[in-house]
Amino acid sequence: MSLDLTPTLSPARPLDSADAMEERLREIGAARYHDRHPFHHLLHGGQLTRGQVQAWALNRYYYQCSIPVKDAVVISRFRDRATRVEWRHRLEDHDGAEGAEGGIDRWLVLTDALGLDRAYVEATDGILPATRFAVDAYVHFVRDQSPLEAIASCLTELFAPHIHAERISGMLAHYDFVNPTVMAYFQRRLSQAPRDADYALRYVREHARTPQERAAVCNALIFKTQVLWTQLDALHHAYVLGHVPPGAFVPEDMR
């Protein structure tokens with residue numbers, strides 16, 4: 001799937017209120033969130049090999065380590081101190097703080113357990129080209145679009161707890177190389193994502209005051225779902241269908 005930086009909203013009910021916008025946002029999530037992707041059904045259903053799970057974790061690391069970069073860019077867009085202060089905890093959620101681990105640390109626990117060399121993971125040399133392009137496009141989006149759209153693009157967190165819970169239960173049930181410690185990243189996000197989503201939703205409800213601004217909010221969410229979907233399309237093409245591009249990670253069971 002190609003990335004579209006200016007997706008259009010299909011004709012629907014007029015976005016003449018915050019409630020109408022929120023209803024539309026939830027419709028977008030129900031139809032477009034990446035929990036619907038076939039690769040996730042394979043992952044959560046125990047139908048992937050260890051090598052395919054390695055490929056997913058390796059590529060997803062690039063997204064994880066880019067999230068605090070994205071959040072730092074969001075903070076830089078605001079002259080309003082209160083918004084910057086509110087958004088700041090997201091950096092520590094992923095980067096950690098002195099004496100406290102963050103989400104990136106917990107993701108590396110996962111890749112360690114899967115047998116991936118940590119230096120190789122952190123270098124990101126083996127990720128798929130589409131992974132890099134999609135994630136970089138997300139960072140560029142929050143840099144280049146309006147501050148309102150930058151915050152709105154994070155609204156996929158409204159739908160994240162369901163997929164995290166499904167991933168925890170599914171992977172623990174089906175893969176003998178997964179244990180609760182390995183799944184700590186997702187366990188922590190069960191509480192972090194709703195908190196972050198609640199703030200972002202309150203923000204767009206308050207600050208998207210015209211139908212045009214509400215449409216921009218909805219389109220920002222569509223764009224973010226495309227970013228997530230594209231990453232899974234690339235993984236499926238490379239590691240399920242077997243078309244691994246030159247230079248990308250090749251699991252032992254595909255060599």
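Predicted model: local features only at pLDDT ≥ 70, side-chain atom pairs only at ≥ 80, totals over all residues.
Helix H3, residues 50-76, packs against helix H4, residues 81-95, with axes that come within 9 Å. The two axes cross at roughly 165 degrees, and H3 and H4 are therefore roughly antiparallel to each other, the angle being over 145 degrees. The handedness of this crossing is left-handed. On the H3 side, the contact is formed by Gln64, Ile67, Pro68, Lys70, Asp71, Ala72, Val74 and Ile75. The H4 side contributes Arg84, Trp87, Arg88, Arg90, Leu91, His94 and Asp95. Classified by residue type, this contact comprises seven nonpolar, two polar and six charged residues.

H4 also meets helix H10, which spans residues 184-207. The axes of H4 and H10 come within 12 Å, with a crossing angle of roughly 165 degrees. H4 and H10 are therefore roughly antiparallel to each other, and their crossing is left-handed. Residues Thr83, Glu86, Trp87, His89, Arg90, Asp93 and His94 of H4 are in contact with Tyr185, Arg189, Gln192, Arg195, Asp196, Tyr199, Ala200 and Tyr203 of H10. The contact of H4 with H10 has five nonpolar, four polar and six charged residues. Trp87, Arg90 and His94 of H4 take part both in the contact with H3 and in the contact with H10.

A further contact joins helix H1, residues 18-32, to helix H11, residues 211-240. Here the axes come within 10 Å and cross at roughly 15 degrees. This angle is under 35 degrees, and H1 and H11 are therefore roughly parallel to each other. The crossing of H1 and H11 is right-handed. From H1, the residues involved are Ala18, Met21, Arg24, Leu25, Ile28 and Arg32. Their partners in H11 are Arg214, Val217, Cys218, Leu221, Ile222, Thr225 and Trp229. By class, nine residues of this contact are nonpolar, one is polar and three are charged.

Attention now turns to the cavities. Rolling a probe the size of a water molecule over the atoms shows where empty space is left. Three cavities of 30 Å³ or more were identified. The largest cavity holds about 280 Å³ of space. Its lining consists of 24 residues, and those nearest the centre of the cavity are Arg60, Tyr63, Glu157, Arg189 and Lys224. Two or more lining residues come from each of H3, H4, helix H9 (160-174), H10 and H11. Among these elements, H3 gives the most, with six residues. The lining of the largest cavity divides into 10 nonpolar, five polar and nine charged residues. Arg189, listed near the centre of this cavity, is also one of the H10 residues in contact with H4.

The second largest cavity contains about 90 Å³ of space. It is lined by His34, Trp56, Asn59, Arg60, Tyr63, Thr131, Leu228, Gln231, Leu232 and Leu235. At least two of the lining residues are supplied by H3, and at least two by H11. In this lining, five residues are nonpolar, four are polar and one is charged. Arg60 and Tyr63 line the second largest cavity and are also among the residues nearest the centre of the largest cavity.

Methods. Residues numbered from 1 in each chain as written. Heavy atoms only, no water. Axes fitted to C-alpha atoms, helices over the stretch in contact; angles between N-to-C directions. Helix = DSSP H or I, 4+ residues; strand = E, 2+ residues; numbered from the N terminus. Parallel < 35°, antiparallel > 145°, perpendicular 65-115°, else oblique. Left-handed = near helix turned anticlockwise from the far one by under 90°. Contact = heavy atoms within 4.5 Å. Nonpolar A, V, L, I, M, F, W, Y, C, P; charged D, E, K, R; others polar. 1 Å grid on protein atoms, 1.4 Å probe; cavity = no way out; pocket = protein on both sides within 12 Å on 5 of 7 lines; lining within 4 Å. Points joined across faces, edges and corners; volume = space filled by probe spheres on them.
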